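Please look through the structure shown below, first at the place where its chains meet and then at some of the pairings between side chains.

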Amino acid sequence: MESEKMATEITPKGYVNFFEESHGLKSWIFTHDHKRIALLYFYGVVGFFLMGVVLGLLMKFEMITPGETIMKPQTYNSLFTLHGVIMVFLFIIPAVPAIFGNFFLPILIGADDVAFPKLNLLSWYLYVIGGIMALSTLILGDGPPDTGWTFYAPYSVKTGTNVIMAVMAAFVLGFSSILTGLNFIVTMHRMRAPGMDWMKMPLFPWALYATSWVQVLATPIIGITLLMVVAERVLGVGFFDPSIGGDPVLYQHLFWIYSHPAVYIMILPAMGLISEMIPVFVKKSIFGYKAIVYSSLAIAFVGYFVWGHHMFTSGMSGQARVVFSILTFLVAIPSGVKVFNWVATMFKGSIDLQTPLLYCMAFIFLFMIGGFTGLVVGALSADVHVHDTYFVVAHFHYVMFGGTGFAFIGALHYWYPKMFGRMYNKKVANIGFGVLFTGFNILYFPMFILGIQGMPRRYYDYLPEYSTWHKVSTMGSWVVAIGLIIIIANLVKAYRKGEPATGNVWGGITLEWETKSPPPLLNFDKPPTVTHGPYDYSILNK
Amino acid sequence: MEATVHATGHVAHRDDEGKRMGMWLFLFTEVLLFGGLFIVYAAYRFINPEDFHTGSQHLDWVIGAINTVILLTSSLTVALSISAIQSGNTKKAKILLYLTLAFALAFLVNKYFEWGGKIHHGLFPGMEEFKHLTHGESLFFVLYFFMTGLHGLHIIAGGIFIGFILYYINKGEVTSESYTLHENAGLYWHLVDVIWIYLFPLFYLII
C-alpha cells in the first residue's frame, strides 16, 4: 500500500500541515477546520478540568480534619457545586466527543471534515459562553450556587445564591452538546469514505454514534427543566415548590431523564476509545466487533429507561422501584459484554505494553470496580443503606474518573503524536501513569469504606470515627495531583522539544495512521478508499 | 448532487440530503423540549383534573380555534411556496412566504389580545387575582403561559427563519436548483404548527 509506506516515513520537505496552513488568532477563532476546533476545545476543556481539580483538592483538604479546616460550610457547599458543574458539564461531557470526536471522527471515516463545519464552530462558541457564565457566578450576583450540581428543587428555587446564572450556563452548554451530536450523526451517515460500510466503521465512531443520539434526544429535557427552574425563581410560580402546589419529585424525574442518559454520554465515547486502542497494542483483530457495536447501541437505548434508580429513596411506588432496578441491572449486560471483548482481544495477542495500553488496562480494572459497585447501588435494599453516602461518590468517581478520565488521558497519549506531530518521553509518561493510578485508588477507595460506614456525601463535618479514612483519602488527592503534574509537564515538554513523530507511530491500521502527523488541512493527500476492516491485522502478514 | 473537485483530488459535496437530515434531528430536539413540558402537564392534570377544567373555562376556545385555522393555513402557504420555488416561480414563492409571515403576525396579535385580557383580569403569576386561585388552577395558568409563551417564541423564530429565506431568494441563493434551506424553513414551520395542534385541545378544550 503506497499511502501506508509514505506515512511511515518522516514528513517530506515542503509538506504543510494544518497548523502551518494559516497563522494568527483569526485563523483559529474563525476556523471551520474540525482539527483546529478540536484543539480549541482541548485548551478550554483542559483549563476547566484543572479548575475542577483545584476545587476538588480544596474540598479534600477541608475534609482532612473534622470541623472547619480552611473554609466555612457555605464555601464548602459552593465548592462541591462548582466542582460538579465544571467537571460534569465543562469537562466530562464535552471531553471525549468534542476533542477526540472532532479531531478523529472525520479522519477515522476518511472524510475531510464534519458535515456542518460552521455549526461545529458555533458549538465551540456556545461552550465558551456557557463556561464563562458558569464561572461568572463566582463574582457576580449573590455568590456561587450551593445546591449541588443536581440543582434539586425546592432548595434550588429558594436559595439566595446565583442559581439562575449557573442553570442558564448548563442550558447553553446543553445546546452546544446537542449541536455536536447532531453534526456527528449526519457526518457518519453521509460522509464515510468509499468502501466503508457501517460494519467496517471503527469502534470509536460507533461509540460516538450511539452517544450522539443520546445527546440529541436527552439533552432537550434538561434544557426545558432548567428553564422551568428559572421561571419559578423569576415569576414565583409553583412548578416544583410544594408550598404552592408543585411537586419536587417531578423535578427529580425530569432531571434524571436527562442526567442518567448523560452518564452514558460520558462513558460510551470512552469505551469507544478503549476499543480503538487495545487492538493496536496487541496487533490482533478486536474480539466480537459486532458485539461491541450492538452493546454500545444497547447501552444508549436501555440507558433511557433507568433514571428512576436515582430516586429509590425519594418517594416512588414499589412497582416503579422494582422495574427501575431490573432495568438498571440490564445495563450491566452490554457493559459486561464489552469488558469480556477487551480482555478476549488481549488474550494470545502480541502485547506491546506502551503507555496508552497501560491506561486501557487501568480503565478495565477501575471500570469493573465502578461497574460492580453500580450494581450495589442499583439494588433496592442495598441502595437504601448507601444512598447519599460516600459510597455513591466513590462509585461515580471510579466510573467517571477511573473510566472516562483514564480513557481520556490514555487516548491523549495514543493520539498525541498524531495531533501535534511530536513524541513524548515514554518513560516519564509511564511514571506519571503509575503515580496517577496509585493516587486515584488511595483517594477514592477509602470512600467506599466511609460510605459503607455511613458517612453522608456533601457533609462539611464528620464524626471522629471517620477521620482515619478521610485523612488517607486527602493524602491520595495529593498523589493524584502529583501524577497529573508529571503527565501534563511531560506532554507540554514534548510539544516544544519532543522528537518528530512518524505518520504511523504505533503500527495501527485505521485511517488516521495512513496520513501524516500532524495531518494536512483536508486530512489526506488523496481521499482514501477502504479495502479492509478497521482491525484486520491479518493484512500485515500479506 | 453537485460536486467540485479540488486540485488535491478532494471532492467538495453539496449534500442536500445531509442538510435535511440535520434539520430533522433538530426537530427531534424541539419535540423533546416540548415533550418535557407535556410530561409536567400530564402529571399536574392527573393530580388536579377538576382545577384544570375550571382553568380551561377561563380561556376562549373561539380565539383558540381561529388561531388554529390561521396556523394550519400558514402551513399550507409555506408548503405551496416550496413547490413554487421548485418549479422556478420565484415571485409566487415570495408572495406565499409573505402571506405566511402575515399569518404568523395575525397569530401573535391574537395571542397578544388573549394574554392581555388575562393580565387585565390579574390572572398572571404574581398578580392579585392569581393569588386567590387554587394550586391546581394556578398550575394550569402557569403552564398555559409557559407553554404558549415558548410556542410564541418559536413562532417568532420561525418567522425570522422565513425572513432569511426571503432574503436568500432575493440574493439568488435559494433557487429552483438549490432550495433545501427553504424546505428546512418549511419543516420548522410545520413543527411549530404541529405543537400548537397539541396545545389547543390541551388548554382550550378540557371538558
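In this predicted model, 32 residues of chain B are in contact with 34 residues of chain A. The size of an interface is often given as the accessible area lost when the parts come together. Between chain B and chain A this buried area is about 2,800 Å², and carbon and sulfur atoms give 79% of it.

On the side of chain B that touches chain A, the elements giving two or more residues are helix 1 (16-47) and helix 6 (135-171) of chain B. Of these, helix 1 gives the most, with 17 residues. Sorted by class, that side of chain B has 20 nonpolar, nine polar and three charged residues.

Side chains of opposite charge can pair when their charged atoms come close. In chain A, the side chains of A:Lys35 and A:Asp33 meet in a salt bridge at 3.1 Å, N to O. A:Lys35 has a relative accessible area of 0% and is therefore buried, and A:Asp33, with 7%, is buried as well.

Also in chain A, a salt bridge of 3.5 Å, N to O, joins the side chains of A:Asp388 and A:Arg457. Because A:Asp388 lies in the loop between helix 13 (380-386) and helix 14 (390-420), while A:Arg457 lies in the loop between helix 15 (426-453) and helix 16 (467-497), the pair ties together parts of chain A that are 69 residues apart in sequence. A:Asp388 counts as partly exposed at 40% relative accessibility, and A:Arg457 is partly exposed at 24%.

In chain B, B:Lys111 forms a salt bridge with B:Glu114, their closest N and O atoms being 2.7 Å apart. Both residues lie in helix 4 (residues 90-120) of chain B, three residues apart, which is about one turn of the helix. B:Lys111 counts as buried at 6% relative accessibility, and B:Glu114 counts as buried at 5%.

Finally, consider A:Thr211, which lies in helix 8 (residues 203-235) of chain A. A:Thr211 is buried, because its relative accessible area is 0%. A polar atom of its side chain lies 2.6 Å from the backbone oxygen of A:Ala207. Leaving aside neighbours within four places in sequence, A:Thr211 is in contact with A:Ile265, A:Leu268 and A:Pro269.

Definitions and conventions. Residues numbered from 1 in each chain as written. Chains lettered and ligands numbered in written order. Predicted model: local features only at pLDDT ≥ 70, side-chain atom pairs only at ≥ 80, totals over all residues. Heavy atoms only, no water. Contact = heavy atoms within 4.5 Å. Buried area = accessible area lost by both parts, 1.4 Å probe. Helix = DSSP H or I, 4+ residues; strand = E, 2+ residues; numbered from the N terminus. Nonpolar A, V, L, I, M, F, W, Y, C, P; charged D, E, K, R; others polar. Buried < 20%, exposed > 50% of the residue type's maximum accessible area, 1.4 Å probe, protein only. Polar contact = N/O pair within 3.5 Å; in protein donor to acceptor, adjacent residues only side chain to side chain. Salt bridge = Lys/Arg side-chain N within 4 Å of Asp/Glu carboxyl O.
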